Amino acid sequence: MEKAGLSGIHLNSFLKLGFFVDWEPDLSIDFSRVDPGSWCRVPEAELLRRCAELWRGAVVRRFEAGRRHCVPLSGGLDSRAILAVLLECTEARSIDTCTFGTPGTYDFDLGTRVARAAGTRHVTYPLNETKYRLDELVDASRRIRHQTVLFHHPPLRDMAERFGEHVIWSGFLGDKLTVAPQPCRGPEQARTSFVRHNTYVKSTSLSSWSDARLAGALELPGVETTPLAPADQLGFRYRQLKFIAPHVLPQGFEYRLPFLDPAVVGFFLSLPGNGRQGGRFYRKFLSRTFPGLFSIGTKSNEGLPLGASGIRVGERRMRRRLARSRIFAWRDRLDPMTNYVDFGRAIREREDLRSLIKSNAMDLEKRGCLEGVDVAGLWTRHQRGDADHSDALIVLASLEIHMKAGMAL
């Protein structure tokens, strides 16, 4: 890797991707049981049985009787898959769940519905009512190792007070294991595709590096050292370990990570044919093995259960996209697919975000580490509604807060 510096990969990767690609994580993934083709002649019914056995084993081995357990829930699949097995291990009253985000979105509303159906003790963190404060953002920066964008987390201090003695069950890695990336023709296309699909700042260019230059700096081991295709290698090495993990596994909590179980990793990454395409096998496994919890809608199915027809899901997706298009005056309605907060609107309308984002972005500009970035212009265009520069403003403010929290470039 090129040496970190104001013009190197360290700063430029954060300004483009929202995380530092040259950071070395303290978490690893064991791929030793990956054996492509090992399940090719096994009937699907046996694969489903074996998957249920491995998945239950991964959760049960990590379960401790007599402890309080907390499962953060969203509208996705992975945390719900964990909860389903925990409910086989213990009573619902021994499990706490929590959900954070914006009411009216799939992540917030579906997570709450799952908790209600399961009978767990549930806590919600509506981020539209949560005020962001600099001291708490500095604390969050340290908890996520100064590694990713901020503003995308629940109130961590409150969570530490409520759940600091709990075992926290995270679905980290689940979606990457169970859903295959788009196929690429060789390492170079995989690198280019990775940068394109993982660019955080899309509204403008903050980085002095081109996409091609950044893509060329991404490291891949030789094909003889891993059975994984280049797209999977990049996804695990960079997005999962260097972006997702610091974000969803902030320091200060005791975690259980069943998707990191080597047998689970080996099973899903060894599935034959199109088993991982679109998460086809995983979705069938969940709906058949845990039909109760997965009769509730999921975010990936536009709020419909996994068993809903593709036609119904497509109709919902089309209606949602039309509602957000320029054709309709009601496009300002909250998009139910929104993650965390609608930052584009919130930065204009909420005093806490407006003040924090502006002051920290401007402070960063004063440090002289940005090349050709007109921070004041980005702010003005965003506030006037000429453009949505919330992605750029969040990255700039996050970088400044990381430095106020003690990070050095």
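1. The lining of the second largest pocket is made up of 15 nonpolar, 6 polar and 2 charged residues. Here Ala, Val, Leu, Ile, Met, Phe, Trp, Tyr, Cys and Pro count as nonpolar, Asp, Glu, Lys and Arg as charged, and the others, Gly among them, as polar.

2. The model is predicted: local features need pLDDT of at least 70, side-chain atom pairs count only at pLDDT 80 or more, and totals for chains, interfaces and linings use all residues. Residues are numbered from 1 along each chain as its sequence is written, and side-chain values use heavy atoms, with hydrogens and water left out.

3. In all, 23 residues line this second largest pocket, and Ala180, Ala229, Asp232, Arg276 and Gln277 lie nearest its centre. A pocket is an open set of points on a 1 Å grid over the protein atoms alone, where a 1.4 Å probe fits, with protein on both sides within 12 Å along at least five of seven lines; lining residues have an atom within 4 Å of a point.

4. Two helices, α8 (186–198) and α10 (230–248), each supply at least two residues of that lining. The largest share, 3 residues, comes from α10. Helices are DSSP runs (H or I, at least four residues) and strands are E runs of at least two, numbered from the N terminus.

5. Leu173 has a phi near 85 degrees, a positive value in a residue other than glycine. Leu173 sits in the loop between β4 (167–169) and α7 (174–178). Most residues other than glycine have a negative phi.

6. Tyr340, in the loop between α13 (310–323) and α14 (343–349), also has a positive phi, near 70 degrees.
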